[in-house]
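Trainee: I am new to this structure. Could you take me through it step by step?

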Amino acid sequence: TPSDYYGDFPSTPSTSYLRLFESHLSLTFKASDCVFMPSGVLAQSIIVMSKCQDPDSTFLCHKSSHLLIHEQDSYSHLLKKNPIIIDTSTPLTYSTILSSLNSSPSIKLLILEHPHRELGGTLTSFSDLLKIQSLCKERNVWFHIDGARIWEASGAENGEYTLQDLKGVCDSMYVSFYKGL
């Protein structure tokens with residue numbers, strides 16, 4: 001009989017396909033934990049919901065964020081959140097994020113798409129990611145990377161950083177396994 005790979009909850013951690021997959025990802029990214037989600041919409045909604053619980057809190061993202069242009073404002077309809085949007089035709093930078101954080105103390109979450117799909121796969125530089133990490137820690141803002149296409153960008157910047165390095169600069173990251181197909 002075929003195995004139920006998504007619902008193998010009665011299995012032990014050492015025999016559960018899902019738990020073994022999550023453990024493998026934890027090792028790959030040197031992350032403390034990984035959780036499988038059936039879709040990016042669910043994963044991104046959970047991060048918004050969990051980090052912006054205060055009714056006045058909001059999140060910050062680029063105008064080309066997947067949440068804005070491909071999820072039909074689900075964050076607004078389901079979570080009652082309206083983001084602060086950075087309106088630039090270039091990838092997010094430390095200076096644009098700093099400016100936004102200075103103008104709105106209600107921001108509790110930064111969602112940075114890496115790479116920026118709608119900007120031709122361009123990336124925020126790793127040096128800016130490090131500065132953004134420090135800024136977010138200083139301001140108590142959760143730094144989430146929407147890495148839906150991270151596998152396609154893993155060799156970027158002449159191999160100056162690894163996937164583990166990238167996970168090290170953010171508080172959480174979403175990755176997808178079908179985008180490159």
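This is a predicted model: local features need pLDDT of at least 70, side-chain atom pairs count only at pLDDT 80 or more; totals for chains, interfaces and linings use all residues.

Trainee: What is the strand order of the open sheet?

Mentor: Strands are DSSP runs (E, at least two residues), and helices are runs of H or I with at least four, numbered from the N terminus. Two strands pair if DSSP finds at least two bridges between them. Here five strands pair in parallel, in the order β2-β1-β3-β4-β5.

Trainee: Which strands stand at the edges?

Mentor: Look for strands with a single partner. Such a strand has one side left without a neighbour in the sheet. The edge strands are therefore β2 (84–86) and β5 (172–175).

Trainee: Which residue in β3 is the bridge partner of C61?

Mentor: Strand β1 (residues 58–62) and strand β3 (residues 107–113) pair in the parallel sense over four bridges. In β3, the partner of C61 is I111.

Trainee: Are α5 and α6 roughly parallel or roughly antiparallel to each other?

Mentor: Axes are lines fitted to C-alpha atoms, for helices over the stretch in contact, and angles run from 0 to 180 degrees between N-to-C directions. The axes of α5 (residues 94–103) and α6 (residues 126–139) come within 9 Å and cross at roughly 15°. Angles under 35 degrees count as roughly parallel, over 145 as roughly antiparallel, 65 to 115 as roughly perpendicular and the rest as oblique. So α5 and α6 are roughly parallel.

Trainee: Which residues of α6 meet α5?

Mentor: Contact means heavy atoms within 4.5 Å. From α5 come Y94, I97, L98, L101 and N102. In α6 they meet D128, K131, I132, L135 and R139.

Trainee: Is K30 buried or exposed?

Mentor: K30 lies in the loop between α1 and α2. Its phi is positive, about 50°, although K30 is not a glycine. Buried means under 20% relative accessible area, exposed over 50%, partly exposed in between (1.4 Å probe, protein chains only). At 66% relative accessibility, K30 is therefore exposed.

Trainee: Where does K80 lie?

Mentor: K80 is not a glycine, yet has a positive phi of about 60°. At 63% relative accessibility, K80 counts as exposed. Its place is the loop between α4 (74–79) and β2.

Trainee: Which peptide bond is cis?

Mentor: Look at P115, in the loop between β3 and α6. Omega is near 0° for the cis bond from H114 to P115.

Technical notes. Residues are numbered from 1 along each chain as its sequence is written. Side-chain values use heavy atoms; hydrogens and water are left out.
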